[in-house]
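Subject: The structure I promised you

Hi,

Here is the structure I said I would pass on. Have it open while you read, and my notes follow below.

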Amino acid sequence: MFKRKMKPLVMTTVLATVLLLSACTSNTVNGNGGKSNNTPSTPKTENAAPETDNTESDKKIVVGFSQIGAESGWRDAETQSIKDTFGSDAQFELKFSDAQQKQENQIKAIRTFISQKVDAIALAPVVESGWETVLEEAKAANIPVFLLDRTVKVSDESLYTSFIGSDFILEGQNAAKTMMELLGEDKQVNIVELQGTVGASAANDRQQGFKEIVDANPNYKIIKSQSGDFTRAKGKEVMEAFLKSDGKNIQAVYAHNDDMALGAIQAIEEYGLKPGVDIFIVSVDGIKPAFEAIRDGKLNVTVECNPLLGPQLKQAILDYKDGKTLDKWIKSDEDVYFGQKAIDALPNRTY
């Protein structure tokens, strides 16, 4: 009796053990029993890394930046500021495009950014007009656009989120006021103007601001004005033409940026005059070579235009992402430098 009663019990125990072992083996090999935290299956382990990478990639804020080009030291400093700011922050990924000073290249870059579904677009526009269509495309894709250092003319200002940069009209006004302050408002002064790129907001506004002050003083006259395209070589070329046609009647130069002023300095020296002495020179930007030229007595004034916009752009994007209300115009802090003030500031210039 005892033996007959034990047989079913033993067989049941053995069968249960076999089934249990079979179930465990099946889960381990096929990866269907991945609920255990202690021993993950092989396929689960292989899939874990890509899933983690995708999660990290999704967390990155992808920014597309369309830069005008590299026409000046100021522009190079702005580009480096953007690259340094976003390149040193793991939560961002920067996509950079150099337009080589062509609007069509910038429009192509923006459309590429839209197709890549970036989180934000930063644009330093080469000219003011012609952006309506591509900005409408960015808006339709729900991608915020931040303008850097130059504005655009559009019928609907909601097409861009914020403009980060300087007050170009004020820069022109400060250039004229400082010129009159140092030369004297009663002095008869003929001025030649080296304009920036035709159609650029910086050139338009710097011309407007300067002209507003000069037109109010009959002793000061702009006798010639031509584009030097914001480059040193072109600034030199235009200044050579001014000197050749009317060299004896020029008392002052107003350059829309320092690079053109530095080109003008070369032209004046080759003409046989002393820049900064025989001809007064005021320019805009505040790059380090301009401070060196002031130290050397060849440039009289530089009106600062801060190119280090990377940190402000980064903060604006983060604030936008957090749902904060942004100013339509985020202004940068700037000053006017001449004489000893410029010499004292030279060692601290980083661009």
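A quick definition to begin with: two strands pair if DSSP finds at least two bridges between them. The helices (H or I, at least four residues) and strands (E, at least two) are DSSP runs, numbered from the N terminus.

Before the tour, some housekeeping. This is a predicted model, where local features need pLDDT of at least 70 and side-chain atom pairs count only at pLDDT 80 or more, while totals for chains, interfaces and linings use all residues. Residues are numbered from 1 along each chain as its sequence is written, and side-chain values use heavy atoms, with hydrogens and water left out.

**The whole chain**

The chain has 12 helices and 12 strands. Of its 351 residues, 46% are buried; buried means under 20% relative accessible area, exposed over 50%, and partly exposed in between (1.4 Å probe, protein chains only). A contact here means heavy atoms within 4.5 Å. Among contacts with a separation of 6 or more, 73% are between residues 24 or more positions apart.

S9 pairs with S10 (residues 301–304) through 4 bridges, and the two run parallel. Look for serine 283, which stands opposite threonine 302 in S10. S9 also pairs with S8 (residues 252–255), again in the parallel sense and over 4 bridges. There, valine 253 has isoleucine 281 of S9 as its bridge partner. In general, strands of a sheet pair through backbone hydrogen bonds, either parallel or antiparallel.

S8, helix H9 (residues 258–271) and S9 make a right-handed β-α-β unit. A crossover is right-handed if, with the strands pointing away from the viewer, the path from the first strand over the helix to the second runs clockwise. S9, helix H10 (residues 288–295) and S10 make a right-handed β-α-β unit too.

Phenylalanine 280 belongs to S9 and has 7% relative accessibility, so it counts as buried. The C-alpha atoms of phenylalanine 280 and valine 253 are 6.2 Å apart, although 27 residues separate the two along the chain. Not counting residues up to four places away in sequence, phenylalanine 280 touches several others, including Met179, Leu182, Leu183 and Val301.

**The open sheet**

Now turn to the 6 strands that form an open sheet, in the order S2-S1-S3-S4-S5-S11, with parallel pairing. Why does one side of S2 and of S11 lack a neighbour in the sheet? S2 (92–98) and S11 (329–331) stand at the edges with a single partner strand each, so one side of each has no neighbour there. On average, neighbouring strands of this sheet are turned by 20 degrees against each other, direction ignored.

Inside the sheet, S1 (residues 61–67) and S3 (residues 120–123) run parallel and are joined by 4 bridges; serine 66 has leucine 123 of S3 as its bridge partner. Helix H3 (residues 73–87) packs on the sheet, touching S1, S2 and S4 (145–148), and its direction makes about 155 degrees with that of S2. Helix H4 (residues 103–115) lies across S1, S2 and S3, at about 170 degrees to S1. Those angles run from 0 to 180 degrees between N-to-C directions, with axes as lines fitted to C-alpha atoms, for helices over the stretch in contact.

**The cores**

A nonpolar core is a set of buried Ala, Val, Leu, Ile, Met, Phe, Trp, Tyr and Cys residues joined through side-chain atoms within 4.5 Å. The largest one has 55 residues, and Ile191 and Met239 have the most contacts inside it. H9 gives the most to this core, with 7 residues. Apart from it lies another core of 42 residues, among them Ile121, Ala122, Val127 and Phe163.

**One arginine to look at**

Arginine 206 is in helix H7 (residues 201–214). Is it buried or exposed? Its relative accessibility is 3%, so arginine 206 counts as buried. Leaving aside neighbours within four places in sequence, its contacts include Phe168, Glu171, Val284 and Asp285.
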